[in-house]
Amino acid sequence: MGPPGAGKGTQGALLATGLGLPKFATGDLLRDAVKRGTPLGLKARAVMEAGHLVSDDIILGVVREELAKPEAAHGVIFDGVVRTIPQAEGMDRILAEKGRTMDVVLFFDVTDEEILARLDRRRTVEQRPDDDPPAVATRLRAYRDQTAPLLAWYEARRPVRRIPAVGTVEEIAGRVRQALGR
Ligand code: AMP
């Protein structure tokens, strides 16, 4: 977990490759659904483009589907999948039903100033509609109000590793490996 632009996608991909596990990002799945115009995409599109969070029910539905896939049998790196306390509770229920658990939570820590600079750069490269300034403001607000409280929630229940997420990609990846003892 971590704010938008914290590097969850980049580091999650490196970690997944390093551990030989699949990576699953609800943001990627939803963007793909929007691009393909599926019923899920049609439902999520306006909410995403404005920078709001998609409903907990939708997210828990896709988590359930993802965890049922054979590729997920040996573990999954979740990238930005849990963003509200009800999602975390739902995730715990789904995992418990399957006799599984979340081993560790990585929190990518960056300042708001750094995030704004990164999202501004990403906007010119990836042209994501939700990297536009008004949507970025909404996403940061959603993060602050709905996702940031999850950190304390997880700290009370799971091992949480805080990763200072400023530096080069390789430096941050090194901190991740160290935090996981790999
Ligand atoms: P991301 O690519 O992670 O920045 O996600 C892009 C957008 O997808 C977010 O701004 C939300 O609209 C939506 N989204 C992705 N994951 C979640 C989630 N776990 N809960 C709610 N909305 C999500």
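1. Leaving aside neighbours within four places in sequence, Y154 is in contact (heavy atoms within 4.5 Å) with M1, V82, A88, M102, V105 and V160.

2. The basis is a predicted model, in which local features need pLDDT of at least 70, side-chain atom pairs count only at pLDDT 80 or more, and totals for chains, interfaces and linings use all residues. Residues are numbered from 1 along each chain as its sequence is written, and side-chain values use heavy atoms, with hydrogens and water left out.

3. Y154 also belongs to the largest nonpolar core, which has 30 residues; M1, V63, V82 and Y154 have the most contacts inside this core. A nonpolar core here is a set of buried Ala, Val, Leu, Ile, Met, Phe, Trp, Tyr and Cys residues joined through side-chain atoms within 4.5 Å; buried means under 20% relative accessible area (1.4 Å probe, protein chains only).

4. Apart from that core lies another, of 15 residues, including L106, V110, I115 and I172.

5. The ligand is surrounded by 16 residues (a heavy atom within 4 Å), and the closest are T26, R31, H52, V81 and R83.

6. From the side chain of Q87, an N or O atom is 2.9 Å from a nitrogen atom of the ligand. On its own the ligand has 480 Å² of accessible area (Shrake-Rupley method, 1.4 Å probe), and the protein covers 95% of that area.

Note on methods. Buried < 20%, exposed > 50% of the residue type's maximum accessible area, 1.4 Å probe, protein only. Polar contact = N/O pair within 3.5 Å; in protein donor to acceptor, adjacent residues only side chain to side chain.
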